[in-house]
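Please look over the chain below before reading the notes that follow it.

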Amino acid sequence: MQRFIISISSIDLYHLATWPTLSFVAENENGRLVGYVLAKLNEEDTTDHPDGHITSLSVMRSYRRLGLAERLMNQSQRAMLESFGSTFVSLHVRVSNQAAFSLYKNTLKFE
């Protein structure tokens with residue numbers, strides 16, 4: 001079984017400077033970046049529990065279907081809940097991107 005390290009990275013300085021606890025990367029056993037999730041809070045939401053938003057999620061093709069995207073998403077959503085009380089997370093996906101659509105709808109249960 002392959003071992004993966006998921007940690008915070010400097011994928012996007014703005015996101016990290018503003019929401020440092022919400023974005024994560026996955027590295028292989030050699031320290032090579034193989035996936036990431038870039039997340040933020042909805043800046044227009046002024047409530048006590050702002051909505052989260054997934055800006056970008058990517059996993060290298062050769063590392064897909066190993067559960068990395070699901071783990072990255074779960075870790076980011078957990079951080080949103082624990083750090084900011086976010087109970088709603090949005091994202092945008094092209095309908096033509098069937099792999100992503102299936103991940104979000106079937107695996108992660110987005111509606």
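## Basis of the report

This is a predicted model, in which local features need pLDDT of at least 70 and side-chain atom pairs count only at pLDDT 80 or more, while totals for chains, interfaces and linings use all residues. Residues are numbered from 1 along each chain as its sequence is written, and side-chain values use heavy atoms, with hydrogens and water left out.

## Overall fold

The chain has three helices and five strands. Helices (H or I, at least four residues) and strands (E, at least two) are DSSP runs, numbered from the N terminus. Read from the N terminus, the order of the elements is β-α-β-β-β-α-β-α.

Of the 111 residues in the chain, 37% are buried. Buried means under 20% relative accessible area, exposed over 50%, and partly exposed in between, with a 1.4 Å probe and protein chains only. A contact is a pair of residues with heavy atoms within 4.5 Å. Among contacts between residues at least 6 apart in sequence, 51% join residues at least 24 apart.

## Strand pairing

Two strands pair if DSSP finds at least two bridges between them. β2 and β3 run antiparallel and are joined by four bridges; here Val 25 stands opposite Tyr 36 of β3. The hairpin of these two strands has five residues between them, and Gly 31 in the hairpin takes a positive phi near 85°.

β3 also pairs with β4, in the antiparallel sense, over seven bridges. Val 37 faces Leu 57 of β4 in this pairing. β4 and β5, in turn, run parallel and are joined by three bridges. There, His 53 has Ser 90 of β5 as its bridge partner.

## Helix α2

The 17 residues of α2, at 1.5 Å a residue, should span 24 Å, and the end C-alpha atoms are 24 Å apart, which agrees. The expected span is 1.5 Å times one less than the number of residues. Buried residues in α2 are Leu 68, Ala 69, Leu 72, Met 73, Ser 76, Ala 79 and Met 80. Seen down the helix axis, these fall within an arc of 135°, so they line one face of α2. The arc is that of the directions from the helix axis to the C-beta atoms. An α-helix has 3.6 residues a turn, so residues three or four places apart point the same way.

Arg 78 is also part of α2, and at 44% relative accessibility it counts as partly exposed. Just after α2, Gly 85 takes a positive phi of about 75°.

## Helix α3

Ala 100, Leu 103 and Tyr 104 are buried in α3. Down the axis of α3, the buried residues fall within an arc of 85°, so they line one face of the helix. They pack against β4, α2 and β5. The face turned away from the buried side carries the exposed residues Gln 98 and Ala 99. Just after α3, Lys 109 has a positive phi of about 65°.

## Nonpolar core

A nonpolar core is a set of buried Ala, Val, Leu, Ile, Met, Phe, Trp, Tyr and Cys residues joined through side-chain atoms within 4.5 Å. The largest one has 24 residues, and those with the most contacts inside it are Leu 22, Ile 54, Met 73, Tyr 104 and Phe 110. Two or more residues each come from β2, β3, β4, α2, β5 and α3. The largest share, six residues, comes from α2.

Neighbours within four places in sequence aside, Leu 22 is in contact with residues including Ala 39, Leu 41, Ser 76, Ala 79 and Phe 84.

## Two loop residues

Where does Ser 86 lie? Ser 86 is in the loop between α2 and β5, and it is buried, with a relative accessible area of 4%. A polar atom of the Ser 86 side chain lies 2.4 Å from the backbone oxygen of Pro 50. Neighbours within four places in sequence aside, the contacts of Ser 86 include Leu 41, Asp 51, Gly 52 and Met 80.

Arg 61 lies in the loop between β4 and α2. At 70% relative accessibility, Arg 61 counts as exposed. Arg 61 and Val 34 are 27 residues apart in sequence, with 8.8 Å between their C-alpha atoms.

Note on methods. A polar contact is a pair of N or O atoms within 3.5 Å; within protein, one must be able to donate a hydrogen and the other to accept it, and residues adjacent in sequence count only if both atoms are side-chain atoms.
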